[in-house]
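Student: I would like to learn how to read side-chain contacts and backbone features in a protein model. Could you walk me through an example?

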Amino acid sequence: MITNSTGLHLTITDPPQTLERETGLIGGVSVVVSRKKLKDLQGLFADRNAYTLLDPETLVYSVQAHMPVDEGTPGGLFFGNTIVEPGKVGNEYFITHGHFHANADRAEYYWGVKGEGILILMDLDRKTWGERVFPGSLHYIPGNVAHRLANTGPIPLTVGACWHSDAGHNYDEIDMNGFSARLYEVEGSPRLVEVCR
Ligand code: PAN
Ligand code: ZN
């Protein structure tokens, strides 16, 4: 929805959207929701055996996005949240798919709302590192850096995000080559473990 401001001269209205501070959820118009279950994330987790033993209908994460302009519009912004459920496949925490942006130099902000996790980042040299996510954490994701969330806690991890409407998503690179490290629970704590290729 693009507001045509000419009809608004001297009016005072409620905003078309709301943001619930406690939950990070967006209410109002132009909000799209997507959900990823285990069955939608084939090949994402390292332990294929553990994956096949889990219920394919298990929800892994959901995304709410407020998209006031068409995807691909230069100069606009999208605002959303991701909720990653608690869980593991083998010793690997539940994660989002992860992506570079299709317009690779587009940056993004994430911030922690609820729960605890790790934001996993990888640059074009395939160097991978993590930032702890917690309520109040703020994360600047530079352009050309792939990003993925992992829930390392016992409750759903809610993370807010704001990104360019012409950023797009490049999932192919991650489908082909993955991240160079995976986040496992090792001796009770999250650890990034380099992937042998
Ligand atoms: C986020 C992500 C969201 C889901 O809104 O799209 O966390 O992750 P995947 O897109 O990797 O499945 C974002 O980074 N947008 O650019
Ligand atoms: Zn992104």
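Tutor: Let's go through aromatic pairs, backbone angles and salt bridges in turn. Keep in mind that this is a predicted model.

Student: Which parts does the pair of Phe 78 and Trp 163 tie together?

Tutor: Phe 78 belongs to strand β5 (residues 77-84) and Trp 163 to strand β13 (residues 157-164), so the contact links parts 85 residues apart in sequence. Phe 78 is buried, at 1% relative accessibility. Trp 163 is buried too, with a relative accessible area of 9%.

Student: And what about Phe 79 and Trp 111?

Tutor: Their ring centres are 5.4 Å apart and the planes meet at 50°, so this pair is tilted. Phe 79 lies in strand β5 and Trp 111 in strand β8 (residues 108-114), so parts 32 residues apart in sequence are tied together. Phe 79 is partly exposed at 28%, and Trp 111 is partly exposed at 23%.

Student: Now the backbone. Which residue other than glycine has a positive phi near 65°?

Tutor: That is Arg 126, in the loop between β9 (117-122) and β10 (128-133). Its relative accessible area is 25%, which means partly exposed. Ser 30 also has a positive phi, about 60°, although it is not a glycine. You will find Ser 30 in the loop between β2 (26-28) and β3 (31-37), partly exposed at 24% relative accessibility.

Student: How many salt bridges does the structure hold?

Tutor: Seven. Asp 166 sits in the loop between β13 and α2 (172-177), and Arg 106 in the loop between β7 (92-93) and β8, so their bridge ties together parts 60 residues apart in sequence.

Student: Are Asp 166 and Arg 106 buried or partly exposed?

Tutor: Asp 166 counts as buried at 11% relative accessibility, whereas Arg 106 is partly exposed at 22%. The cut-off for buried is under 20%.

How values were computed
Residues are numbered from 1 along each chain as its sequence is written. Chains are lettered from A and ligands numbered from 1 in the order in which they are written. This is a predicted model: local features need pLDDT of at least 70, side-chain atom pairs count only at pLDDT 80 or more; totals for chains, interfaces and linings use all residues. Side-chain values use heavy atoms; hydrogens and water are left out. Helices (H or I, at least four residues) and strands (E, at least two) are DSSP runs, numbered from the N terminus. Buried means under 20% relative accessible area, exposed over 50%, partly exposed in between (1.4 Å probe, protein chains only). Rings of Phe, Tyr and Trp (its six-membered ring) pair if their centres lie within 6.5 Å; planes under 30 degrees apart count as stacked, over 60 as edge-to-face and the rest as tilted. A salt bridge is a side-chain nitrogen of Lys or Arg within 4 Å of a carboxyl oxygen of Asp or Glu.
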